[in-house]
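Good morning, everyone, and thank you for making the time. I would like to walk you through one structure, going slowly, so please keep the picture in view while I talk.

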Amino acid sequence: MEIYVVKPGDTAAEVAARFGVAFERFLADNGLSASEPLVAGQAVVIQIPSEVVTATAGDTIESIAARTGTSVRALLRNNPLILESGTLYEGQTVVVAFDKPPQTTIAVNGYVYPNVDRELLRQTLPFLTYLTIFSYGIRQDGTLLPLFGDEPLIAAAKAGGVQPLFMLTTLGEDGKFDNTLSTVLLGDEQKQEALFDEIVAAVKAKGYYGVDVDFEFVLPAEREQYAGFINRLRGRLNAENVPLLVALAPKTSAAQPGLLYEAHDYALLGAAANNALLMTYEWGYTYGPPMAVSPIDKVEQVVAFAADNIPPERLFLGVPNYGYDWPLPYIKGETKATSLGCEQAVARAAQFGADIRFDETAQTPYYTYTDEAGQAHEVWFEDARSVAAKLDLWEKYALRGISVWNLMRPFAAAKTVVNARFVIEERTTAQNDL
């Protein structure tokens, strides 16, 4: 795999030809259409097949997988055109392997809402180990607030060989994080046990594989109570052969101030749960100044601190699948950025004739443009280079996996990069850990 940075005047057809890659393959690997112009500074992924077979009459993906000693999911990942169309025809070239085939295995989790585009989900499932469905919440009395519409996603995940995760958050009935809900629970062990009963019943009835807990803005005074809650929940779940993952705010020290951070004790929560997820994003956020969502220098500070408190092999690294567009000038307390997808960000750069630049410290792309009304903007997003930098960090610290927030928007290049560098782990229900 190679990441090529587009130069002024480059076209997709010319770049594909220069590297000896089929044009259709190049487009699919990068989520491009033939009508889209490339943007100067845009990162594109180049893959060179090293082993291919030609489909014969009567062949299926299953028969080719068996004949070549690979998995169906791996073949689908290697052949996005087949994955997109859902069909295989006689004479079609099927890529079995690329140059420098991956040796290291990685676990990949991704989050979706129940209204995720079903076709986008279908094409994403082969790249996942786990699918976390967002989210069950809590009522004011401490009982479980149900999530409707998760059953089709659970069925789709299982049909695609992916393990679905039940998610519990402190989202209330208004859909917002509310720390009064965690206070209700953490101060009352009877309410906790009743909630555990509801969670276990829902997990078993719906066929979830594991549970992911994300309690945000827990009061600092409830730090130990929160760890105790996670420890007791893990005990109940593990007794049912169900693993528990806890999501952690991105801290760089034990004493880091702030309501988001103080009750998230890495050592206590890491010991209480089976595994932990580092939510390493939102440095650049809706009401903050323009900057990278997930700058690699900041992310590494979090990973280094986490690895000192939790065994690295039990950590998932958060990876964002979005960016922000800020109107300029930025005025603190007034300016509001708009969230956008990574492919959408490139299309916007093309629309307004902006060249994409790359911040070497943050390892993140960005650009500025002026819209039709004369308003200046600054955009930060993710691309193949920024994803590769996070995967480098994952390898450096030998972590358990990555977790993508979220999968509601397409980002073909990211899937291509992960597949080129790693064997994506597949789990069975008999493997009762994350």
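Let me begin with aspartate 265, which is buried, since its relative accessible area is 17% and the cut-off for buried is under 20%; please keep in mind that this is a predicted model. Aspartate 265 forms a salt bridge with arginine 223, and the closest N and O atoms of the two are 2.6 Å apart. This pair links distant parts of the chain, because aspartate 265 sits in the loop between E10 and H11, while arginine 223 belongs to helix H10, 42 residues away. Arginine 223 itself counts as partly exposed, at 27% relative accessibility.

In that loop between strand E10 and helix H11 we also find glutamine 256, which is buried as well, with a relative accessible area of 14%. A polar atom of the glutamine 256 side chain lies 2.7 Å from the backbone nitrogen of threonine 252, and, leaving aside neighbours within four places in sequence, glutamine 256 is in contact with Pro250, Lys251, Tyr261 and Glu262.

Coming back to salt bridges, the structure holds 22 of them, and one of these joins glutamate 119 to arginine 122, at 2.6 Å from N to O.

How values were computed:
Residues numbered from 1 in each chain as written. Predicted model: local features only at pLDDT ≥ 70, side-chain atom pairs only at ≥ 80, totals over all residues. Heavy atoms only, no water. Helix = DSSP H or I, 4+ residues; strand = E, 2+ residues; numbered from the N terminus. Buried < 20%, exposed > 50% of the residue type's maximum accessible area, 1.4 Å probe, protein only. Polar contact = N/O pair within 3.5 Å; in protein donor to acceptor, adjacent residues only side chain to side chain. Contact = heavy atoms within 4.5 Å. Salt bridge = Lys/Arg side-chain N within 4 Å of Asp/Glu carboxyl O.
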